[in-house]
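Let's take a walk through this protein together, one region at a time. Have the viewer open and follow along as we go.

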Amino acid sequence: MSVKGQTPASHSLPLTESNSQITPTNHTDDDWNMEGDTLHEECGVFGIYKTPDAAALTALGLHALQHRGQEAAGIATYDGEHFHLERRFGLVGDNFSNAHTLERLPGTASIGHNRYSTAGGAALRNIQPLFAELEGGGIAVAHNGQFTNAMTLRKSLIKRGAIFQSTSDSEVVSQLIAKSRESNIVDRFIDAIRQMEGGYALIALTRKKLIGARDPIGIRPLVLGDLNGSPVLASETCALDMIGAKFVRDIKNGEVVVCTDEGVESYHPFPDVPARLDIFEYIYFSRPDSVFDGRSVYDVRKALGRELAKELPLDVDVVVPVPDSGVPAALGYAQGVGIPFELGIVRNHYVGRTFIEPTQQIRALGVRLKHSANRSQVEGKRIVLVDDSLVRGTTSSKIVQMMRDAGATEVHMLLASPPITHSDYYGIDTPDRANLLAAQYDLEGMRKYIGADSLGFISLDGVYRACGYAKRNNKSPQFTDHCFTGDYPTALVDIEGAEDHRAGGLLKE
Ligand code: AMP
């Protein structure tokens, strides 16, 4: 591994990495705090095989996926002889748009990762992709999502003598690949993921292969694209659009795709079960111009607003979206009830998502930095605010007050998702149950907390209707909706009190 300021000493090294901070010195206790590192990851992944400018295309793809993680980004390439890895804290555009960094990433195959983790312990050594030198050559690995048994596997690997360099779940995958007794890399990869539980989209780069995998029930998304004959893997279709790649198809739940010089091959190592994409990808997480399973995220969000209009039509003067995440649903609501849609809140785009701020106090400040009242559209009016979701209630309470201060005579609040009563354990950052407003209060308690004149949520079946179903199929749900129901679709091996969480499900039959 080369060190910052030095040219790689010899090209016989298997890997070059320019950033000296990768050397894990000066650990603090916090640094080793596994909870902080592994339990709260939102991420985006991208990979491309055999194309000129692989690293630059990966940087562009990651840029399109920036909403999935703003804390750090990394790119790994293979140039036919050596692997190269660059990992940085901060936004993709700030780190990977300059020729200097991209020149350090030569090669025609590349994978990249955006990461966002909330709690402490965010160390450079945890930024993905992670690189490992295996018996059969190097491998770079990155994932979006969370393995719900990673901690248990890690402990058992450590007991058996494995040495970990990071606290990232991706390293558990590479350790399992390294330990596998299978003879070729694809079988080793499959052997590794068969041992993992959870929701994930995983990508890996070896000397001759780009490998992608989606968890057995497809909780996290992964799509396949094509750029002039080169296969592309990405968390969302918006990353394909960014580089001008054609959308080929969604990777199936439980599918492993292997891209080589011979083309793209598929493996199906898991039992064939119905897919259950996380409904939160449609509600909040994905970019509105992305498409999953033939459904545009934007269209679903607008349909959520229309369903809300059928379920909870209000007599008000103006529909005001909470930007940006509430905009499509507010538009659908306004069209549904036939009331004017106005931008009563202006969003400052030069601050990140509210959740990035680490403490409640700073988060509260963050909301003010992010949203301002557009007085001319709300003064003297009865308004309804529409947002995609209510989590801690921080955004809503600030905005309701902001609207009153700007002269609104009535402020109602509607949410285009049901109350979030359960935490997510599959890669979407949600606070502990103790900090979820809907887990603590009933509807009236929540209304009082945010200070609105009325408060309403779309029903769960309304969400399914917005996705084109008559209702939730309680025997075989079309999505995973654990945040609203507690119906966790996998075992939560590492999560303390997992049985209580599962028992908390509203719709278990
Ligand atoms: P809160 O202020 O805690 O109630 O959070 C609600 C706001 O956060 C809404 O405007 C959502 O768009 C947004 N949001 C919902 N889920 C998440 C998440 N997992 N990460 C970041 N922001 C979120």
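**A walk through the model**

Let's start at Asp387, which touches Val322, Ser325, Gly326, Thr395, Met413, Leu414, Leu415 and Ala416, leaving aside residues up to four places away in sequence. You'll find Asp387 in strand β21, which covers residues 382–387. Its relative accessibility is 5%, so Asp387 counts as buried.

The average pLDDT for the protein is 88, and 85% of the residues score at least 70. Over residues 20–40, though, the pLDDT is below 50, even though this stretch has 45 contacts in the model beyond near neighbours in sequence. Residues 499–509 also have a pLDDT under 50, and there the model has 28 contacts beyond four places in sequence. Where pLDDT is low, the predicted coordinates should not be read in detail.

Back to our starting point. In an unreviewed entry, UniProt lists Ser325, Asp387 and Asp388 under "binding site". These residues are spread over 64 residues of sequence, yet they cluster in space, with a largest C-alpha distance of 6.7 Å. Asp388 sits in the loop between β21 and α14 (394–405). Is Asp388 buried or exposed? With a relative accessible area of 3%, Asp388 is buried. Leaving out residues up to four places away in sequence, Asp388 touches Ile283, Tyr284, Ser325, Gly326, Leu415, Ala416 and Ser417. Asp388 also has a polar contact of 2.7 Å, side chain to side chain, with Ser389.

Now step back and take in the whole fold. The protein has 19 helices and 24 strands. Of its 509 residues, 58% are buried. Among contacts with a separation of 6 or more, 67% are between residues 24 or more positions apart.

Next stop: Cys43, which the unreviewed UniProt entry covers with the annotation "active site". Cys43 is in strand β2, made up of residues 41–48. At 0% relative accessibility, Cys43 counts as buried. Which residues does Cys43 touch, not counting those up to four places away in sequence? The answer is Arg68, His113, Asn114, Arg115, His143, Asn144, Ser235 and Phe285.

The buried residues of α2 are Ala54, Ala55, Leu57, Thr58, Ala59, Gly61, Leu62 and Ala64. Helix α3 covers residues 92–95, and Asn95 lies in it. Asn95 counts as buried at 13% relative accessibility. Setting aside residues up to four places away in sequence, Asn95 touches Arg88, Phe89, Gly90 and Thr101.

Let's finish with the aromatic rings. How many aromatic pairs does the structure hold? There are 12. One of them is the tilted pair of Phe83 and Phe131, 5.0 Å centre to centre with 50° between the planes. This pair links distant parts of the chain: Phe83 is in strand β4 (residues 83–89) and Phe131 in strand β6 (residues 130–134), 48 residues apart. Phe83 has a relative accessibility of 3%, so this residue counts as buried.

Then look at Tyr282 and Phe479, whose ring centres are 5.9 Å apart with the planes at 85°, so this pair is edge-to-face. Here too the pair links distant parts of the chain, with Tyr282 in helix α9 (residues 279–285) and Phe479 in strand β24 (residues 479–480), 197 residues apart. Tyr282 and Phe479 are both buried. They also belong to a cluster, in which ring pairs link Tyr282, Phe292, Tyr464, Tyr469 and Phe479.

The charged end of Arg154 sits over the ring of Phe164, 4.3 Å from the ring centre.

Key:
Residues are numbered from 1 along each chain as its sequence is written. This is a predicted model: local features need pLDDT of at least 70, side-chain atom pairs count only at pLDDT 80 or more; totals for chains, interfaces and linings use all residues. Side-chain values use heavy atoms; hydrogens and water are left out. Rings of Phe, Tyr and Trp (its six-membered ring) pair if their centres lie within 6.5 Å; planes under 30 degrees apart count as stacked, over 60 as edge-to-face and the rest as tilted. Helices (H or I, at least four residues) and strands (E, at least two) are DSSP runs, numbered from the N terminus. Buried means under 20% relative accessible area, exposed over 50%, partly exposed in between (1.4 Å probe, protein chains only). A charge sits over a ring if NZ of Lys or CZ of Arg is within 6 Å of the ring centre and within 35 degrees of the ring normal. UniProt positions are given in the numbering used here, feature names are shortened, and annotations may be inferred rather than shown by experiment. Contact means heavy atoms within 4.5 Å. A polar contact is a pair of N or O atoms within 3.5 Å; within protein, one must be able to donate a hydrogen and the other to accept it, and residues adjacent in sequence count only if both atoms are side-chain atoms. pLDDT is the predictor's confidence in each residue, from 0 to 100.
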